[in-house]
Amino acid sequence: MPATRTFRIAAIPGDGVGAEVVAAGRAVLDTLAGDDVTFAWTEFPWGSAFHERTGRMMDEDGLETLAGFDAIYFGAVGWPSVPDHVSLWGLRLRICQGFDQWANVRPVHFHPGVRSPLRAADDTDLGWVVVRENSEGEYAGLGGRNLAARGPGNEVAVQSALFTEVGIERIMRFAFDLARTRTRRKLSSVTKSNAQQYGMVLWDEVFARVAAEYPDVETESVLVDAMAAKFVLRPDDLSVVVASNLHADILSDLGSALAGSLGLAASANLNPERRYPSMFEPVHGSAPDIAGQGLANPLGAIGSAALMLDHLGLPDRAARLRKAIDATTAAGVRTRDVGGTATTEQVTAAVIDNL
Ligand code: GGG
């Protein structure tokens with residue numbers, strides 16, 4: 001009998017619906033365990049409630065603690081009791097940036113049985129992946145506020161975007177390599193280089209330089225506004241879309257809305273060199289309006305669990321899980337956000353049944 005491999009997973013439910021969807025993903029992953037693979041979970045109570053008690057979003061030495069895990073399974077961050085920029089920087093961005101999880105992979109998957117607002121989805125096989133530069137750009141945290149002493153109405157704030165050639169080049173290579181694994185070998189690069197003439201022009205130049213090494217991959221460079229339109233009007237022409245931290249965040253929300261709901265979207269924050277653990281989380285936030293009511297769609301978190309299985313070297317289990325997710329939506333077991341009446345637990349149970 002083969003030796004059992006145990007993967008140590010840090011679970012951070014975080015805020016709001018994070019608790020419900022992480023519980024769903026854990027139940028599914030435990031169902032996928034077996035004689036050869038087990039998951040050893042450690043759950044951390046970090047988030048906005050922790051901040052209310054301690055003044056911190058996570059333990060001071062939290063990153064050192066997390067460094068010993070094989071992966072991190074994350075829920076959501078954000079709650080009205082803590083300013084959003086404090087909660088985001090104190091937890092999610094602290095982990096992403098502290099562990100140099102520089103590639104954020106966000107597939108846009110059209111689930112069978114889920115109605116898309118796009119008519120094209122009725123008769124076209126749609127699906128693409130947004131690759132988000134996850135370490136710099138508009139999320140570099142550079143800038144400051146000043147001149148408040150000049151009196152009310154006179155404060156100034158500077159928020160600078162940082163684009164490094166190293167940072168751009170590594171995300172480009174990652175996106176090109178991903179494009180090579182897909183049926184349609186195409187990479188679309190997104191900028192706003194007509195208006196932002198420094199960082200985004202550097203982005204365009206690096207894209208063109210790296211593209212020369214991937215002659216088998218079709219390319220296009222599209223302004224972010226035009227790409228928003230293209231998501232709606234020509235989704236059939238997309239395969240892999242690489243964009244800066246902010247642009248990709250916005251575009252991937254648009255993509256998951258087009259696929260039917262933000263609740264469906266999965267994501268992987270990867271440190272491709274594997275010097276640090278990577279983190280897997282649904283794209284959606286904490287949804288305070290429905291938290292604790294059993295209404296949250298668990299499929300974004302469960303799809304993120306599939307991305308985690310791929311990363312851990314368990315592609316067969318990941319494929320089984322994706323099939324079970326699609327079988328669940330196809331059978332009409334859906335939460336309210338995608339036109340159904342099922343609860344979080346009922347959808348989770350259906351995925352487990354379908355495994
Ligand atoms: N599970 C994703 C999550 O909690 N996101 C919270 C959020 O506000 N994210 C903004 C961002 O990362 O750009």
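Predicted model: local features only at pLDDT ≥ 70, side-chain atom pairs only at ≥ 80, totals over all residues.
Me: Is glutamate 220 buried or exposed?

Reply: For that you look at the relative accessible area, where under 20% is called buried. Glutamate 220 comes out at 17%, so it is buried.

Me: Which side chains make polar contacts with the side chain of glutamate 220?

Reply: Look for N and O atoms that pair up between side chains. Here the side chain of glutamate 220 makes a polar contact with the side chain of lysine 186, at 3.2 Å. The side chain of lysine 230 makes a polar contact with it too, at 3.0 Å. If you skip residues up to four places away in sequence, glutamate 220 also touches Leu187, Phe207 and Met227, among others.

Me: Leucine 187 is on that list. What is leucine 187 in contact with?

Reply: Again leave aside the neighbours within four places in sequence. The contacts of leucine 187 then include Met172, Ala175, Phe176 and Ala179, as well as Val240, Val241 and Val242. Glu220 is one of them too.

Me: How should I think about a nonpolar core?

Reply: The general idea is that in soluble globular proteins, nonpolar side chains tend to be buried together. In this model, the largest nonpolar core has 66 residues. Those with the most contacts inside it are Ile9, Phe39, Tyr73, Leu187, Met308 and Leu321.

Me: Which helix gives the largest share of this core?

Reply: Helix α9, residues 299-311, does, with 8 residues. Domain 1 and domain 2 both give residues to this core, so it lies between them. Another core, of 19 residues, lies apart from it, and Ala10, Met58, Phe69 and Phe74 are among its residues.

Me: You mentioned domains. How is the chain divided?

Reply: Domain 1 is 1-111 + 260-355, while domain 2 is 116-145 + 161-259. The centres of the two domains, taken over C-alpha atoms, are 24 Å apart. As for where they meet, 25 residues of domain 1 are in contact with 29 residues of domain 2.

Me: Now the ligand. Which residues are around the ligand?

Reply: The list has Gly75, Ala76, Val77, Leu88, Arg92, Arg132, Tyr139, Asp249, Glu281, Pro282, Val283 and His284. Now the pairs: a polar backbone atom of glycine 75 is 2.9 Å from a nitrogen atom of the ligand. A nitrogen atom of the ligand also lies 2.9 Å from a polar side-chain atom of glutamate 281. With tyrosine 139, an N or O atom in the side chain is 2.5 Å from an oxygen atom of the ligand.

Me: How much of the ligand does the protein bury?

Reply: You take the area the ligand exposes alone, then ask what share gets covered. Alone, the ligand exposes 360 Å², and the protein buries 83% of that.

Me: Where is histidine 284 found?

Reply: Histidine 284 is in the loop between β12 (278-282) and α9. Beyond residues up to four places away in sequence, histidine 284 touches Val17, Val21, Gly75, Ala76, Leu262, Gly263 and Asn297.

Me: And glycine 292, is it buried or exposed?

Reply: Glycine 292 is found in the loop between β12 and α9 as well, but at 68% relative accessibility glycine 292 counts as exposed. Glycine 292 and alanine 19 are 273 residues apart along the chain, and their C-alpha atoms are separated by 8.3 Å.

How values were computed:
Residues numbered from 1 in each chain as written. Heavy atoms only, no water. Core = buried A, V, L, I, M, F, W, Y, C linked by side-chain atoms within 4.5 Å. Buried < 20%, exposed > 50% of the residue type's maximum accessible area, 1.4 Å probe, protein only. Helix = DSSP H or I, 4+ residues; strand = E, 2+ residues; numbered from the N terminus. Domains from an automatic or database assignment. Contact = heavy atoms within 4.5 Å. Near = heavy atom within 4 Å. Polar contact = N/O pair within 3.5 Å; in protein donor to acceptor, adjacent residues only side chain to side chain. Areas by Shrake-Rupley, 256 points an atom, 1.4 Å probe, with all protein chains shown as cover.
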